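Here are a few quick notes to read alongside the structure. Have a look at it first, then go through the points in order.

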Amino acid sequence: MVARVAPLHVGNLTPAQLNGVACLVCAGEEGDMAPAGHIDGCQAFAHPKCDTTPLYPNTFLVAGPCSTPADVADLTAHAFDVTDQLGVNTLVATSTSHLVSDYAGIVVVGPSLTSGTKGRRMDIVAAVLEAEALAHRVPVIVPQATAEAASCDACSQWQTIATVRNGHGEVFCADCRGAASGCAWCLIDEESEPVYTGSGFVPMCGPCADVEKVLHPSPWNLTASERTTAPVMTA
């Protein structure tokens with residue numbers, strides 16, 4: 001077993017993973033596990049067979065312009081949409097220090113190597129991370145055309161990140177088609193909301209979200225009614 005050298009983000013792990021009870025990769029609690037690093041001073045563990053899979057199999061990096069506070073705010077807002085629409089954890093990437101192969105994929109905001117820059121200069125951080133993703137065959141999601149956005153036929157959630165249609169042309173969001181994993185903390189398969197953890201967002205059910213919002217107070221964790229009256233966030 002190799003203790004993988006990569007940053008371990010508390011917000012992307014379940015309580016059982018944080019306590020060393022569950023595997024860092026698959027979250028399973030059965031079978032032999034070996035040390036795989038430390039989190040907040042506590043030993044973490046993982047199954048040997050999981051060492052060949054991404055360290056964060058349900059987390060997407062979100063990369064794009066990040067040179068100014070306004071850029072970071074826009075990038076964070078985009079990460080909110082990714083978590084909200086795809087039901088995955090997100091990590092806002094503002095540097096090239098991330099090991100891209102440790103994540104399930106990367107979402108590139110703005111011009112990308114994959115879609116073309118269309119006359120716009122690509123952000124250097126996003127360019128480096130996307131190039132690494134392509135080299136390691138990590139899935140890349142690039143901005144879809146505005147015309148491709150559509151609402152879910154079941155729940156009406158607006159799909160702007162990656163609209164998915166079935167063979168009949170119907171649109172269903174990740175949750176309605178059963179592709180969302182539910183709450184990132186308790187793993188219950190119920191309706192969730194994006195909760196900001198200080199570095200990105202995780203989908204959480206109501207009770208878990210209430211706890212996390214206390215642990216990470218932030219303008220990004222306002223209630224829906226508070227968010228409509230809050231001033232524009234710049235970080």
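Predicted model: local features only at pLDDT ≥ 70, side-chain atom pairs only at ≥ 80, totals over all residues.

1. Ser156 counts as exposed, because its relative accessibility is 54% and the cut-off for exposed is over 50%. Look for Ser156 in the loop that runs between β7 (150-151) and β8 (158-159).

2. The backbone at Ser156 deserves a glance too: its phi is near 75 degrees, a positive value in a residue other than glycine. As background, most residues other than glycine have a negative phi.

3. Arg137 is another one to check, with a positive phi near 60 degrees, and Arg137 is not a glycine either. You'll find Arg137 in the loop between α3 (124-135) and β6 (140-141). Is Arg137 buried or exposed? With a relative accessible area of 80%, Arg137 is exposed.

4. Now the cysteines. How many disulfides does a search of the whole structure find? The search comes back with 0.

5. Take Cys176: its closest cysteine sulfur belongs to Cys173, and the gap is 3.5 Å, so that pair is too far for a bond. A disulfide needs the two sulfur atoms within 2.5 Å.

6. Cys186 has a relative accessible area of 39%, so it is partly exposed.

Methods
Residues numbered from 1 in each chain as written. Heavy atoms only, no water. Buried < 20%, exposed > 50% of the residue type's maximum accessible area, 1.4 Å probe, protein only. Helix = DSSP H or I, 4+ residues; strand = E, 2+ residues; numbered from the N terminus.
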